[in-house]
Amino acid sequence: MNLLEDLENNGTQQMDLLNFDHQANVIPNVDFYNAIVVNEFMNNRIVEVKDGEVVKEGYITKYKLYLVRTKKLGGEWETEVSRRFSDFEWLYQELINKYGGYIIPAIPEKHLLTKVNLASYEFSEKRRKDLQQFLQRILHHHHLRYVPELRIFIEDKEKFISLLKGELEQNKTIEQKYDNLLQSVKTLWHGSTLTAKGQDPAKMFDGSEKDLTYDETLLLSLSMKGTKLKTVVEEHVVILREEAKSLNDQNEALYSWNGLGSASEEDISQFKQLKYNNEIRQRKINREIEDIDRKFIPKLLNCLFEIEWALTACKRRRNLQSQLLVDQQRIEQLKMQYTDNSSRRDLEMDVLKTKYQKNKDRSDKMSIIMQDELLSFITEIKQQLKAIIEEWRSIMKTLSKNIIEDDNE
């Protein structure tokens, strides 16, 4: 029995408690009071991730600690723990492996130069913000905020995560041995004399899979629309920057021009008016660029990130289904094979069947979760994208109005 079994069972009961049948008055067989207390603790919770100490060995950076603390909205800070980036990775992988049907936000990528870049303020600050946003999104999720892994992450100070991570490594080793065994059997097993195509993929899954495929297609369409808008906005900002630079260069040329001494009063007045108009226009452009960079683009990028996370969840399901098809085809192959050494064939079949059933149960659970998850998500994200497009149209109208006013001046 692993360390999380009791917590997982308790967490599942707590989540079921939120969805019990009120009309039938069917209440899950759990401690009602304790479940309500746990759920209430995780509701309306705010998280903050702060930079902690950098742990080194001599002059070499080993890792960086982050201070993670949470509180109720409007309350005092209640929990405070130190976490390494690998702890965030542990939480993310636990969510992916156990709750993969939900839309799970991504964490910052880890690469070879991470330890070197930790010395950079820009890199460290971006990573800190990304980790904080990751946790806050999980705490805002209608189901994931109740999972026991998250509660352990934000509260535990007794090195419990280290034990769990060690246990995961042990399980990973077992899983590798399991896969190695299967590979060894395949290597020893000589080629089949008969082949089987396996079940038709179109017939393997029920109608709900077609609905999820439609949802994924719709998400791709929304992603393309959002990406196209992002390109338009970026091109527009480039044009605005070029115009602002041109106005600035023109004014600098006017300031440095020495011919005003011999110019008429009317010409001097026109030059001054031109410089004034250029300065006004330049300030308006700079304000517009700042508003787009600070307010509009982050909204658009956030929308695109959420769509990408949803597509990643769809990809997890498709990859799992592809593996199911591969395993099923191999099982059908083995059933039709005849050999003197049937023990190897039976061993491979047993391993494959166990793996297949485990992945099939996981796939079924993911599909059920995703039907509900994507239904509400797509409705919400379409509204967000529509509001963003309308906001961009409003920005363009305001900009056009300003240009007309400048020309009239």
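Q: Why is Met-370 called buried?
A: Residues count as buried under 20% relative accessible area, exposed over 50% and partly exposed in between, using a 1.4 Å probe and protein chains only. Met-370 has a relative accessibility of 1%, so the residue counts as buried. The model is predicted, and local features need pLDDT of at least 70, side-chain atom pairs count only at pLDDT 80 or more, and totals for chains, interfaces and linings use all residues. Residues are numbered from 1 along each chain as its sequence is written, and side-chain values use heavy atoms, with hydrogens and water left out.

Q: Where does Met-370 lie, and with which residues is Met-370 in contact, leaving aside its neighbours within four places in sequence?
A: Met-370 is placed in helix 11, where helices are DSSP runs of H or I with at least four residues, strands are runs of E with at least two, and both are numbered from the N terminus. Contact means heavy atoms within 4.5 Å, and with neighbours within four places in sequence set aside, Met-370 is in contact with Gly-101, Leu-212, Ala-313, Cys-314, Arg-317 and Leu-375. The C-alpha atom of Met-370 is separated by 6.3 Å from that of Tyr-102, although these two are 268 residues apart along the chain.

Q: What makes Ala-310 count as buried, and which residues does Ala-310 touch?
A: Ala-310, whose place is in helix 10, has 0% relative accessibility and therefore counts as buried. Not counting residues up to four places away in sequence, Ala-310 touches Ile-103, Leu-219, Leu-374 and Phe-377.

Q: How do you know which class the pair of Phe-305 and Trp-309 belongs to?
A: Rings of Phe, Tyr and Trp (its six-membered ring) pair if their centres lie within 6.5 Å, and planes under 30 degrees apart count as stacked, over 60 as edge-to-face and the rest as tilted. By this rule there are five aromatic pairs. One of them joins Phe-296 and Trp-392, with 5.3 Å centre to centre and 35° between the planes, which is a tilted pair. That pair links distant parts of the chain, with Phe-296 in helix 10 (residues 265–335) and Trp-392 in helix 11 (residues 342–408), 96 residues apart. Phe-296 and Trp-392 are both buried. For Phe-305 and Trp-309 the centres are 6.4 Å apart and the planes are at 15°, so this pair is stacked. Both Phe-305 and Trp-309 lie in helix 10, four residues apart, about one turn of the helix.

Q: Are Phe-305 and Trp-309 buried, partly exposed or exposed?
A: Phe-305 has a relative accessible area of 45% and is therefore partly exposed, whereas Trp-309, at 14% relative accessibility, counts as buried.

Q: What makes Asn-44 exposed?
A: Asn-44 has a relative accessibility of 57%, so this residue counts as exposed. Asn-44 is found in the loop between helix 2 (32–42) and strand 1 (45–57), and has a positive phi of about 50° although it is not a glycine.

Q: What is the distance from the charged end of Lys-71 to the centre of the ring of Trp-77?
A: A charge sits over a ring if NZ of Lys or CZ of Arg is within 6 Å of the ring centre and within 35 degrees of the ring normal. The charged end of Lys-71 sits over the ring of Trp-77 at 4.5 Å from its centre, and that of Arg-83 sits over the ring of Phe-153 at 5.3 Å from its centre. Phe-153 also belongs to one aromatic cluster with Tyr-66 and Phe-88.
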